[in-house]
Amino acid sequence: QVQLVESGGGLVQAGGSLRLSCAASGSIFSINVMGWYRQAPGKQRELVATITSGGSANYASSVKGRFTISRDNAKNTVLLQMNSLKPEDTAVYYCNAEATLPGRLYATRYWGQGTQVTVSS
């Protein structure tokens, strides 16, 4: 199994910055895509940003230019630097990883427990 542990959430004023981190551990052969999703109260979970093992990043249009995703393949970690935060960025942020376990031919998606980000106006 794979465990994802997130950290870095909190309360910040509009215009401020936060950095989220997520570390994957367990019996992992490889991780192709890692990313961040978020879910605001009463809304569906949505993609924030993803990054492949080769470093190719993809962002939601609502965060492009403000958020930066990065990863350390050797440490199985992914970071999300969030700048110029807005009240509408308030949500629970979830780390996600598509990991292949040893001996398996397919990847499985795993989720972290979520970390709260609150942006006050």
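**Reading charges, rings and strands**

Mentor: Arg109 has a relative accessible area of 41% and is partly exposed. This is a predicted model: local features need pLDDT of at least 70, side-chain atom pairs count only at pLDDT 80 or more, and totals for chains, interfaces and linings use all residues. Residues are numbered from 1 along each chain as its sequence is written, and side-chain values use heavy atoms, leaving out hydrogens and water.

Trainee: What does partly exposed mean?

Mentor: Buried is under 20% relative accessible area, exposed is over 50%, and partly exposed lies in between (1.4 Å probe, protein chains only).

Trainee: What is a salt bridge, and how many are there by this rule?

Mentor: Side chains of opposite charge can pair when their charged atoms come close. The rule asks for a side-chain nitrogen of Lys or Arg within 4 Å of a carboxyl oxygen of Asp or Glu. The count by this rule is 4 salt bridges.

Trainee: Which residue does Glu98 meet in a salt bridge?

Mentor: Glu98 meets Arg109, with 4.0 Å from N to O. Glu98 lies in strand β9 and Arg109 in strand β10 (residues 108–111), so the pair ties together parts that are 11 residues apart in sequence. Strands are DSSP runs of E with at least two residues, helices are runs of H or I with at least four, and numbering starts at the N terminus. Glu98 is partly exposed at 25%.

Trainee: Is Arg38 buried or exposed?

Mentor: Arg38 is buried, at 6% relative accessibility. Asp89 is buried too, at 1%, whereas Glu46 is partly exposed at 37%.

Trainee: How many aromatic pairs does the structure hold?

Mentor: A pair of aromatic rings is described by the distance of the centres and the angle of the planes. Rings of Phe, Tyr and Trp (its six-membered ring) pair if their centres lie within 6.5 Å; planes under 30 degrees apart are stacked, over 60 edge-to-face, and the rest tilted. The structure holds 1 such pair. Tyr37 and Trp111 form it edge-to-face, 5.1 Å centre to centre, with 70 degrees between the planes. Tyr37 is in strand β4 and Trp111 in strand β10, 74 residues apart. Tyr37 is buried at 14%, while Trp111 is partly exposed at 35%.

Trainee: Which residue lies over the face of Trp111?

Mentor: A charge sits over a ring if NZ of Lys or CZ of Arg is within 6 Å of the ring centre and within 35 degrees of the ring normal. Arg45 lies over the face of Trp111, at 4.6 Å from the ring centre. Arg45 also lies over the face of Tyr94, at 3.7 Å.

Trainee: In what order do the 4 strands of the open sheet run?

Mentor: Two strands pair if DSSP finds at least two bridges between them. The order is β1-β3-β8-β7, with antiparallel pairing. The edge strands, each pairing on one side only, are β1 (2–7) and β7 (67–72). Strand β3 (residues 18–26) is joined to β8 by 6 bridges, and Cys22 has Val78 in β8 as its bridge partner.
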